[in-house]
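Work through the exercises below with the sequence and the coordinates open. Each task is followed by a solution in steps.

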Amino acid sequence: MKRFLICATAAFLFSCTNDTDTPANEFPTGNIVIGATLANPDGQSGSSYIQLIDNMDANTYTNDEALPVGFGLIPIMKENAVYEIPFFGTGQIKRYVRSASGLLTQSGQLNVDPSAYPSQIAIKDDSKAYISLNGQGKIVIVDPQTLEQKGMIDISSYGAGDDNPDPAAMIIRGDKLYVGLNQFVGGFMAAQDRPQSDVLIIDTNTDTVIKMISEETSGISQITRPADAKSIFMDENNDIYLVGVGAFGIWPTHKAGILRIKEGQTEFDTNYSFNLTDATIDGLEFNLNWVVSMQYLEGGKLYALVNVPALQSNPPNFVEDKSSVPVVIDLVNKTVKKLEVPNSTGYTFVGKYQDDIVFGLTTTIDTGFYVYNTSTNQTTSSAAIETVGSPIFFGTFE
């Protein structure tokens, strides 16, 4: 059950292997990072790559000069660096930067026990960052430049049902670190009788826990996802939004949805919750059961790909099913609207390029990155950038 729910329900989410180091001078230059994955028919194995490109002109990119990373891994791009954090696999966390000559090169590494399931990174400043260890109930403190370990915060006492609260995605606001807790019990699922969300707040000056806060009324659960750094984000008002997967639709009482912690507050906003599981999708007759990938852009607009179980085969085929539907979620008016963008398999990604949204899609006609113009609401008729393998990452260096 444990591996099925994560690797099978969303096989693209997590790294399984990464043992290859490739000389940096073999990689092309550019300021755009793209990633692609080639999955085997089982959807739980294969190969993944990242590489630099220098523009958004129509082109097809192979993986001949790309950097191998863990299968299905979604890299994390922060502070002009790309972090490879393998949830499953080797336990080698790596940092890549663009060198003065424009090449993608490794600049740091931290070895952790593979059973630690390292998840997400939150960077405080040039000398301090935090990495959540989802499998051990700990948060490791590192130098974000070298990934040298500086300390450890044990949060095992905040577990519900066991001694691990399963820390997932995190964000720093001011001098506080907000950590989404998944509270898995007996696998990668929250307890059926506990449809709630927990967040741990840590003082980044002392690296001590301030408190754990809980939201128990909306049914939204498993707040933030271990594999998605964007499942917790701040808007232009410094309000924190947290996206929960609601047990991936397995338990009916658990809901996928969005909660908020307002600027200046250290409690959930009791006036805000958005139940996505039961929301009507404008332009689609079916409901969603969790958010696969997302990108906040401003003005309360969250662009996302959501999983629609009615579009899955039985049993689900995560390599072939086109059940990931592009939508825009209005956080203010609490609406969900389908976009005129093709559906995709679960091997997908939402990012941005300047003022446009970039959808990495595996469609019925091609694989690659479609560009959605948020001003005109128009989408490229096919992938603007085609990839060999399903597109799983898009980011830009400043």
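**Exercise 1. Strand β15 and its neighbours**

Task: Determine how β15 and strand β16 (residues 208–215) pair, and over how many bridges.

Solution. The two strands pair in the antiparallel sense over seven bridges; strands are DSSP runs of E of at least two residues, helices are runs of H or I of at least four, and both are numbered from the N terminus. Pairing requires that DSSP finds at least two bridges between two strands. The model is predicted, so local features need pLDDT of at least 70 and side-chain atom pairs count only at pLDDT 80 or more, while totals for chains, interfaces and linings use all residues. Residues are numbered from 1 along each chain as its sequence is written, and side-chain values use heavy atoms, with hydrogens and water left out.

Step 1: Ser 197 has Glu 215 in β16 as its bridge partner.

Step 2: inspect the connection. β15 and β16 form a hairpin with four residues between them. In the turn, Asp 207 has a positive phi of about 60°.

Step 3: look at another partner. Strand β14 (residues 176–181) runs antiparallel to β15 and is joined to it by six bridges. Here Tyr 178 stands opposite Ile 201 in β15.

Step 4: check burial (buried is under 20% relative accessible area, exposed over 50%, partly exposed in between, with a 1.4 Å probe and protein chains only). Seven of the seven residues of β15 (residues 197–203) are buried, so the strand is largely enclosed by the rest of the structure. Ser 197, Val 199, Ile 201 and Asp 203 point one way, and Asp 198, Leu 200 and Ile 202 point the other way.

**Exercise 2. A four-stranded sheet**

Task: State which order the strands of the open sheet of four strands have.

Solution. Step 1: the order is β9-β10-β11-β12, with antiparallel pairing.

Step 1: identify the edges. β9 (118–125) and β12 (149–154) each have a single partner strand, so one side of each is left without a neighbour in the sheet.

Step 2: examine one pair. β9 and β10 (residues 128–133) are antiparallel over five bridges, and Ala 122 stands opposite Tyr 130 in β10.

**Exercise 3. Aromatic pairs**

Task: Count the aromatic pairs, then classify the pair formed by Phe 184 and Phe 188.

Solution. Step 1: apply the rule. Rings of Phe, Tyr and Trp (its six-membered ring) pair if their centres lie within 6.5 Å; planes under 30 degrees apart count as stacked, over 60 as edge-to-face and the rest as tilted. The count comes to 10 aromatic pairs.

Step 1: Phe 184 and Phe 188 are edge-to-face, at 5.2 Å centre to centre and 80° between the planes. Phe 184 is buried at 4% relative accessible area, and Phe 188 is buried at 3%.

Step 2: Phe 233 and Tyr 296 are stacked, with 5.1 Å between centres and 20° between the planes. This pair links distant parts of the chain, as Phe 233 in β17 (residues 232–234) and Tyr 296 in β22 (residues 290–298) are 63 residues apart. Both Phe 233 and Tyr 296 are buried.

Step 3: extend to the cluster. Phe 233, Tyr 241, Tyr 272 and Tyr 296 form one aromatic cluster.

**Exercise 4. Backbone exceptions**

Task: Find which residues a cis peptide bond joins, and where Gln 183 and Asn 238 are found.

Solution. Step 1: the cis peptide bond joins Asn 314 and Pro 315, with omega about 0°. Pro 315 is in the loop between β23 (301–307) and β24 (324–330).

Step 1: Gln 183 is in the loop between β14 and β15. Although not a glycine, Gln 183 has a positive phi of about 50°, and Gln 183 is buried at 3% relative accessible area.

Step 2: Asn 238 is in the loop between β17 and β18. Asn 238 is not a glycine either, and has a positive phi of about 65°; at 36% relative accessibility, Asn 238 is partly exposed.
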